[in-house]
Amino acid sequence: ATALARETGGEEYSEANLPKLMPWDVNFWNERLKEKTFELKEEELRPYFALDEVLKGMFGLIDRIFGIEVREASGEAEVWNKDVKFFKLFDKESNEHVASFYLDPYSRPADKRGGAWMADCRGKSEALDIDVPVAYLTCNGSPPVGDKPSLMTFREVETLFHETGHGLQHMLTKAKVGEVAGINGVEWDAVELPSQFMENWCYDKPTVYGFAKHYETGEVLPDEMFEKLKQQKTFGAGMMACRQLLFGMLDMELHSNYDPDSDETVFDVQRRMADIYTPYSKPVDEDRFLCGFGHIFAGGYSAGYYSYKWAEVMSADAFGAFEEVGLDNEEGVQEVGRRFRDTVLSLGGGVAPMDVFKQFRGREPNPDALLRHNGLA
């Protein structure tokens, strides 16, 4: 990134004027380097990711690995907007209706906040006689325009898979006590496991090629584009890992060991931790990042920011179980998928996450799969 800045950024980025990139320059030039290296921009991919095709592909994956059939049931439930779709989930073996969900896929700036999320509409509860849980899946994609369908960026595809992972844990629970059914009561360490697990399938070629077709020509996504997508995933992965480790350990240090009566300020702690985890990008003296680090002060992640990276470890290791049997081994994939459904997606918050993981994987999680997926091993 530094070499590119010196080559194309003008005199202000010359070694004489700027011996080292400043922290506020690093992300910008990393993005420019990424564009130059891969020559692939998000907008170029949109034509290959029409929402309806992506949904078909994702539902096919859920059928394949979990034995759950998703059927559209729009018109069977009242909706708050004409674009909202309603779906029902059925167990393929018994044909039992086990859950339902609403999908609100499009952006409406006038009356809908941005982002994407899964929310609980009705939770499973024996006490309330609710046996069929219902979820809300909300995204903010581009709506259809004329004859052009809703087209997604690859990041939006990942986000849809992510939120669906949350939804599956809510909908496929076997826990009958409402306080620990589905996502309820799941410890913060593990709440992102099913969602990040689902994202892994966005880099599985047979899964992606089940829906990545040009909306006008039907042409499948060119191989070189898919390879670049996979390479982009690992671009800068080492620096990103160090950044997340810094945030997690800084958070823990402040909430566990920091003494406000000592001579050390919170900013001194930040610099001390940066010396360990990001020595290549130390904060400048005027840095006041902590004043805006809402996650660990007002965002629910106090002494818990590490859970982002820990969830990556668990989700990668869970996906590793599928890789070990062979992603093209249908019988093996289905067996592991049913076990994932019967543990991670079923047990809810009534069983400790470590015990749930060990029931699925047969051991505690380890970071080997994550390091491999990130190109670091």
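Glu 69 comes out at 30% relative accessibility, so this residue counts as partly exposed. Keep in mind that this is a predicted model. Arg 71 is also at 30% relative accessibility and counts as partly exposed. Glu 69 and Arg 71 form a salt bridge, with 3.5 Å between the closest N and O atoms.

That pair is one of several I want to go through. The structure holds 28 salt bridges.

Next, Lys 88 and Glu 76. Their closest N and O atoms are 2.6 Å apart, and the two residues form a salt bridge. Which parts of the chain does this pair tie together? Lys 88 sits in strand S2, residues 85-91, while Glu 76 is in the loop between strand S1, residues 68-72, and S2, so the bridge links parts that are 12 residues apart in sequence. Glu 76 has a relative accessible area of 54%, so Glu 76 is exposed.

Now Arg 361 and Asp 317. This salt bridge has its closest N and O atoms 3.2 Å apart. Arg 361 belongs to helix H13, residues 353-361, and Asp 317 to helix H11, residues 307-325, so the pair ties together parts that are 44 residues apart in sequence. Are these two partners buried or exposed? Both Arg 361 and Asp 317 are buried.

Rolling a probe the size of a water molecule over the atoms shows where empty space is left. The largest pocket has a volume of about 1,900 Å³. It is lined by 49 residues, and the closest to its centre are Phe 235, Gly 236, Ala 237, Met 240 and Arg 243. Which element gives the largest share of that lining? Helix H9, residues 237-256, does, with 9 residues. Sorted by class, the lining of the largest pocket has 22 nonpolar, 14 charged and 13 polar residues.

The second largest pocket holds about 240 Å³ of space. Its lining has 13 residues, and Lys 20, Leu 21, Val 26, Tyr 280 and Ser 281 are the closest to its centre. Helix H2, residues 23-38, supplies the largest share of this lining, 3 residues. By class, the lining of the second largest pocket divides into 8 nonpolar, 3 polar and 2 charged residues.

Technical notes: Residues are numbered from 1 along each chain as its sequence is written. This is a predicted model: local features need pLDDT of at least 70, side-chain atom pairs count only at pLDDT 80 or more; totals for chains, interfaces and linings use all residues. Side-chain values use heavy atoms; hydrogens and water are left out. A salt bridge is a side-chain nitrogen of Lys or Arg within 4 Å of a carboxyl oxygen of Asp or Glu. Buried means under 20% relative accessible area, exposed over 50%, partly exposed in between (1.4 Å probe, protein chains only). Helices (H or I, at least four residues) and strands (E, at least two) are DSSP runs, numbered from the N terminus. On a 1 Å grid over the protein atoms alone, a cavity is a set of points where a 1.4 Å probe fits but cannot get out, and a pocket is an open set with protein on both sides within 12 Å along at least five of seven lines; lining residues have an atom within 4 Å of a point. Grid points are joined across faces, edges and corners, and a volume is the space filled by probe spheres set on the points. Ala, Val, Leu, Ile, Met, Phe, Trp, Tyr, Cys and Pro count as nonpolar, Asp, Glu, Lys and Arg as charged, and the others, Gly among them, as polar.
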